[in-house]
Amino acid sequence: MEKLPALLPPFFIFFLSFSLTLSDGDFAGKSSYLDQSSPADSLCAQLIEPNGYSCTEHTVQTKDGYILALHRVSSRSGDLRVQQSRPVLLQHGLFMAGDAWFLDSTDQSLGFILADQGFDVWVGNVRGTRWSHGHVSLSETEKEFWEWSWQELALYDLAEMLHYINSVTSFKIFIVGHSQGTIMSLAALTQPDIVEMVEAAALLSPISYLEHVSAPLVLRMVAMHLDQMVLALGIHQLNFRSDVLVNLVESLCDGHVDCTDFLTAITGQNCCFNKTRMDFYLEYEPHPSSVKNLRHLFQMIRQGTFSQYDYGILKNILMYGRLKPPAFDLNSIPKSLPLWMSYGGNDALADITDVQHTLEELPSKPELLYLENYGHIDFLLSIKANRDIYDNMIGFLRSLEKSSSS
């Protein structure tokens, strides 16, 4: 086990004092994200139907007992009951949920745009987020509820959502992912039983390697081994709506990282999203995730790997039968599977060097769209993304629809 580095005493005392006085459940904030049982609290009711789009909610249960919400959307002139176009699954990123695809106007948000283009739009929500519905037996206040990383999101959540959509529509599915949604997608596509349900994948800010992350606040968290410290203190849920974690982030920034533009400190410089809508965005983001998930991502940064979760030598032997966790082999993604990727020159999370590493390991040559001035969040919220990115991506999907029907 790695030794904890020497940390600033005031920071440690501050954090330790909270850990000793609060239970893990207290980090959920004043209201639970997972108790959204009223139809008025649903994603359909809050963001999609008010804009005139048809929306239905579906429930999916994973093999390890998590209950997820899938939302199905059609255009304002469409009818979900007779939807004929190829299904598209939108898979959100870290600390986000399905609402991320609908936060701007109907002509700027990818979820609305795809629906208006006639696609059968399905919106995924991973475990622990606001729109999903907990677990068959575990409460969100129990540490076991948060015992997962993006590995389980890929092999259980994404796999089960794809299986459900495939069973309902009888079509193979287009996956569209952003950020963590691309990590999940690439890991899942290495699995033969999952990739057979997929027609193609379009990846925004594609990530499988994180060795060259340059976001200053992320690098500070990694250098401090924040993930290891938080787990050692018995905290398992990361909810940045809690006062504890808000104060924690402020202490990380203070005197060490310029967080005047907090989003830039986390993601890199974004060129094109509407900052005047920030208060509205914050009504929905961020969503909770698990500390184990953050630790898995930090392992990728430290070790330069795209592998399963590293438990340490002894538990790795028990879990995997080997000293180190097995890698997700990108070369095993079928060469015949069409891939499209768009990445940006200002993205401090999906760095160009790491994207190139991914491309070198893939057996196929994905279609690429590079935008020099785009940062990590621009791929979701740029006011110009419909022209800069989505038109190109939709052209890619349309070409595959035509080839499969001919």
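How far apart are the sulfur atoms of C44 and C55? They lie 2.0 Å apart, and the two cysteines form a disulfide. The legends below walk through this bond and several other close-ups of what is a predicted model.

**View 1. C253 and C259 form another disulfide.** Here the sulfur atoms are 2.0 Å apart. With -80 degrees about the S-S bond, this link is left-handed. C253 is buried, as is C259.

**View 2. C271 and C272 are joined by a disulfide, with sulfur atoms 2.1 Å apart.** The torsion about this S-S bond is about -95 degrees, so the link is left-handed. C271 is partly exposed at a relative accessible area of 34%, whereas C272 counts as buried at 8%. A search of the whole structure finds three disulfides, and counting bonded cysteines along the chain gives the pattern 1-2, 3-4, 5-6.

**View 3. Y53 and F112 form a tilted aromatic pair.** Their ring centres are 4.6 Å apart, with 40 degrees between the planes. Y53 belongs to the loop between helix 2 (43-48) and strand 1 (54-61), while F112 is in helix 3 (residues 110-116), so the pair ties together parts that are 59 residues apart in sequence. Y53 is buried at 2% relative accessibility, and F112 is buried at 0%. The structure has 17 aromatic pairs by count.

**View 4. Y66, F145, W146 and W148 make up a cluster.** Ring pairs provide the links among these residues.

**View 5. The charged end of K292 sits over the ring of Y309.** Look for it 4.7 Å from the ring centre.

**View 6. The largest pocket has a volume of about 1200 Å³.** It is lined by 43 residues, and F95, F262, L263, I266 and T267 are the closest to its centre. Elements that give two or more residues to the lining include helix 5 (180-189), helix 7 (216-223), helix 9 (243-253) and helix 12 (291-303). Helix 10 gives the most, with five residues. By residue class, the lining divides into 28 nonpolar, 10 polar and five charged.

Methods: Residues are numbered from 1 along each chain as its sequence is written. This is a predicted model: local features need pLDDT of at least 70, side-chain atom pairs count only at pLDDT 80 or more; totals for chains, interfaces and linings use all residues. Side-chain values use heavy atoms; hydrogens and water are left out. Rings of Phe, Tyr and Trp (its six-membered ring) pair if their centres lie within 6.5 Å; planes under 30 degrees apart count as stacked, over 60 as edge-to-face and the rest as tilted. Helices (H or I, at least four residues) and strands (E, at least two) are DSSP runs, numbered from the N terminus. Buried means under 20% relative accessible area, exposed over 50%, partly exposed in between (1.4 Å probe, protein chains only). A charge sits over a ring if NZ of Lys or CZ of Arg is within 6 Å of the ring centre and within 35 degrees of the ring normal. On a 1 Å grid over the protein atoms alone, a cavity is a set of points where a 1.4 Å probe fits but cannot get out, and a pocket is an open set with protein on both sides within 12 Å along at least five of seven lines; lining residues have an atom within 4 Å of a point. Grid points are joined across faces, edges and corners, and a volume is the space filled by probe spheres set on the points. Ala, Val, Leu, Ile, Met, Phe, Trp, Tyr, Cys and Pro count as nonpolar, Asp, Glu, Lys and Arg as charged, and the others, Gly among them, as polar. A disulfide is a pair of cysteine sulfur atoms within 2.5 Å.
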